[in-house]
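Visitor: I have a model on my screen and some questions about it. Can you take me through them one at a time?

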Amino acid sequence: MSSKNFSLPENVVTKRDVRLAIRQIEKLIEDDEDISNLSEPAKSIASINSDIVDNKGINEIIKESRSFLKRAPLFDLILADYPYDSFIQDVGAWFRENIDSEALLDIRVRRTIGGGVILISKNKIFDMSFRSRLLESRDKIPEVLKRV
């Protein structure tokens, strides 16, 4: 059963961040490393859940993080190029504020979309890519090129 107190900090918005934090915390335990070697997402997860660490130990954070990954709504964002971290943070904050407070993003790059975004939720695909718009208007391309 998952702890009601476990949460992700605002700066952890991607599935990749959570997985990386889990691996780093496991390595911290195995190798008895210093906490200063952890990435910002891992430090943030441990810090915001310090009550769990204090009461049940650091292994509980790993368990709770894995449980969170299983239950959190996941949204795939497919972009033509990898975005700036600030963009990812802003989009992640928007999803948590407007869609689901536990939303996680999975950012992927597919250069063939040309631009725009493809958003995939559990049961729907929103294709707002440049490629799809071009293909929808394929018959109009020669007319547009004549005007250029």
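Visitor: What covers the buried residues of α2?
Guide: Bear in mind that this model is predicted. In α2, the buried residues are Pro41, Ala42, Ser44, Ile45 and Ala46. The elements that cover them include α1, α3 (50-56) and α4.

Visitor: Is serine 44 buried or exposed?
Guide: Serine 44 sits in helix α2. The cut-off for buried is under 20% relative accessible area. Serine 44 has 16% relative accessibility, so it counts as buried.

Visitor: Which side chain joins that of serine 44 in a polar contact?
Guide: Set aside the neighbours within four places in sequence, and serine 44 is in contact with Pro9 and Asn11. A polar contact of 3.1 Å links the serine 44 side chain to that of asparagine 11.

Visitor: How far apart are the end C-alpha atoms of helix α1?
Guide: Helix α1 covers residues 15-31, which is 17 residues. At 1.5 Å a residue, the helix should span 24 Å. The model agrees: the end C-alpha atoms are 24 Å apart.

Visitor: Within what arc do the buried residues of α1 fall, seen down the axis?
Guide: The buried residues of α1 are Lys15, Asp17, Val18, Ala21, Ile22, Ile25 and Leu28. They line one face of the helix, because seen down the axis of α1 they fall within an arc of 165 degrees.

Visitor: Which exposed residues does the face of α1 turned away from its buried side carry?
Guide: Take the buried side as the reference. The buried residues of α1 pack against α2 (40-48), α4 (58-71), β1 (74-79) and β2 (104-109). The face turned away from that side carries the exposed residues Arg16 and Glu30.

Visitor: Which are the edge strands of the sheet?
Guide: Four strands form an open sheet with mixed pairing, in the order β2-β1-β3-β4. An edge strand pairs on one side only.

Visitor: Which residue in β3 stands opposite isoleucine 78?
Guide: Start with the strands. β1 and β3 (residues 116-120) run antiparallel and are joined by four bridges. Opposite isoleucine 78 stands isoleucine 118.

Visitor: In β4, what is the bridge partner of glycine 116?
Guide: β3 and β4 also run antiparallel, with five bridges between them. A hairpin of four residues leads from β3 to β4. The bridge partner of glycine 116 in β4 is serine 129.

Visitor: At about how many degrees does helix α5 run to β2?
Guide: α5 spans residues 85-98 and lies across β1, β2 and β3. Relative to β2, α5 runs at about 140 degrees.

Visitor: How wide an arc do the buried residues of α5 cover around the axis?
Guide: The buried residues of α5 are Ile88, Val91, Gly92, Phe95 and Arg96. They lie on the same side of α5, because around the axis they cover an arc of only 135 degrees.

Visitor: Which residues are exposed on the other side of α5?
Guide: α5 has 14 residues and reaches 20 Å from its first C-alpha to its last, close to the 20 Å expected at 1.5 Å a residue. One side holds the buried residues, including Ile88 and Phe95. On the other side, the exposed residues are Asp90 and Glu97.

Key
Residues are numbered from 1 along each chain as its sequence is written. This is a predicted model: local features need pLDDT of at least 70, side-chain atom pairs count only at pLDDT 80 or more; totals for chains, interfaces and linings use all residues. Side-chain values use heavy atoms; hydrogens and water are left out. Helices (H or I, at least four residues) and strands (E, at least two) are DSSP runs, numbered from the N terminus. The expected span of a helix is 1.5 Å times one less than its number of residues. Buried means under 20% relative accessible area, exposed over 50%, partly exposed in between (1.4 Å probe, protein chains only). The arc is that of the directions from the helix axis to the C-beta atoms. Contact means heavy atoms within 4.5 Å. A polar contact is a pair of N or O atoms within 3.5 Å; within protein, one must be able to donate a hydrogen and the other to accept it, and residues adjacent in sequence count only if both atoms are side-chain atoms. Two strands pair if DSSP finds at least two bridges between them. Axes are lines fitted to C-alpha atoms, for helices over the stretch in contact, and angles run from 0 to 180 degrees between N-to-C directions.
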